[in-house]
Amino acid sequence: MMPNGEGDPPARPPRARLAGTRSPASRGELGDLLRTRRHRLTPADVGLPAGSRRRTAGLRRDEVAQLAGVSATYYTFLEQGRDVRPSRQVVAALAGALRLSSAERAHLFQLAGVTPAADDQGQAETVSSVVAAMVGRLDPFPAYLKGRRWDVLAANRAARALFADWPARAPGDRNKVWWMFTDPAARKVYVDWEQEAADMLGRFRAAAARRLDDPDFTDLIERLHQASPEVRRWWPRYDVRPVGGGTKHLHHPALGDVAFRHAVLQVADQPEQMLVYFTTAEVPESKLAALAAEVGPASMS
């Protein structure tokens, strides 16, 4: 058993940074992305004169380098996939010079092995009306949508009956990790709370490692350290867990202990949003429907 650490003083989490490593394959992908996006632009697109000696369509390497504020040689090395390590500022400048979309911009940072700056990360999350409607239609089987920081962005009635009434909570507390470690009710929902909580913290840690400079993550991690002796105890162990489906043993007063199978699905156009869906053969669907019916409709706004 893990010590509960009740006497541990509050501690600030370490601000560890990932030592990014880039494989030849990722360097090649980075070069391909830069080259293809350079070829699709014209000088007029970026406010440059066309000139009279242009052999091929698209921008020249020296033009992209000029727009990004780097040397032509340095930019050429990046396109050639050489082992150079661009800074965050250089990657951001290249993304702007090449007029990358938000998805392309995120991919460029990933291939460069660079964590985006806070202003690249802190965009407010939006939920597709189609996805929100789908979550509701999955009743009477529990389902919820979690965002990049594991905030619960949408939840159907069955999930609210089984876990927590997320819309009734303060906006800053509609977070799965915060609920798990600070709400005594979570310890009753999960039959093996300690193991489930440790696994959840390991999965959350892996997500947080992709956003080391995101103030929303930093604030949540610090709040967790202040509020939870288990987080203070387990965080320094640096355990990480993969996100995936499996079986959860959950408890509800009206159902008893139930084994739920669950799946985690990624939203294609919001890849940091995950739909978590639970099903079970141990409880009749009619009983789940009756449980869900006891929860009224609510908005997550």
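The model is predicted.

**Contacts of Phe181**

- Neighbours within four places in sequence are left aside here; beyond them, Phe181 is in contact with Arg187, Trp193, Ala197, Leu201, Leu224, Ser228, Glu230, Val231 and Trp234.

**Helix H12**

- Helix H12 runs over residues 215-227 and has 13 residues.
- From its first C-alpha to its last, H12 reaches 18 Å, close to the 18 Å expected at 1.5 Å a residue.
- The buried residues in H12 include Phe217, Thr218, Leu220, Ile221, Leu224 and His225.
- These residues lie on the same side of H12 because they cover an arc of only 165 degrees around the axis.
- Among the elements that cover the buried residues of H12 are helix H9 (176-182), H11 and helix H13 (229-234).

**Packing of H1 and H3**

- Helix H1 (residues 24-39) packs with helix H3 (residues 72-79) at an angle of about 115 degrees, and their axes are 7 Å apart.
- On H1, the contact is made by Arg27, Leu30, Gly31, Leu34, Arg35 and Arg38; on H3, by Tyr75, Leu78 and Glu79.
- Sorted by class, the contact of H1 with H3 has 4 nonpolar, 1 polar and 4 charged residues.

How values were computed
Residues are numbered from 1 along each chain as its sequence is written. This is a predicted model: local features need pLDDT of at least 70, side-chain atom pairs count only at pLDDT 80 or more; totals for chains, interfaces and linings use all residues. Side-chain values use heavy atoms; hydrogens and water are left out. Contact means heavy atoms within 4.5 Å. Axes are lines fitted to C-alpha atoms, for helices over the stretch in contact, and angles run from 0 to 180 degrees between N-to-C directions. Helices (H or I, at least four residues) and strands (E, at least two) are DSSP runs, numbered from the N terminus. Ala, Val, Leu, Ile, Met, Phe, Trp, Tyr, Cys and Pro count as nonpolar, Asp, Glu, Lys and Arg as charged, and the others, Gly among them, as polar. The expected span of a helix is 1.5 Å times one less than its number of residues. Buried means under 20% relative accessible area, exposed over 50%, partly exposed in between (1.4 Å probe, protein chains only). The arc is that of the directions from the helix axis to the C-beta atoms.
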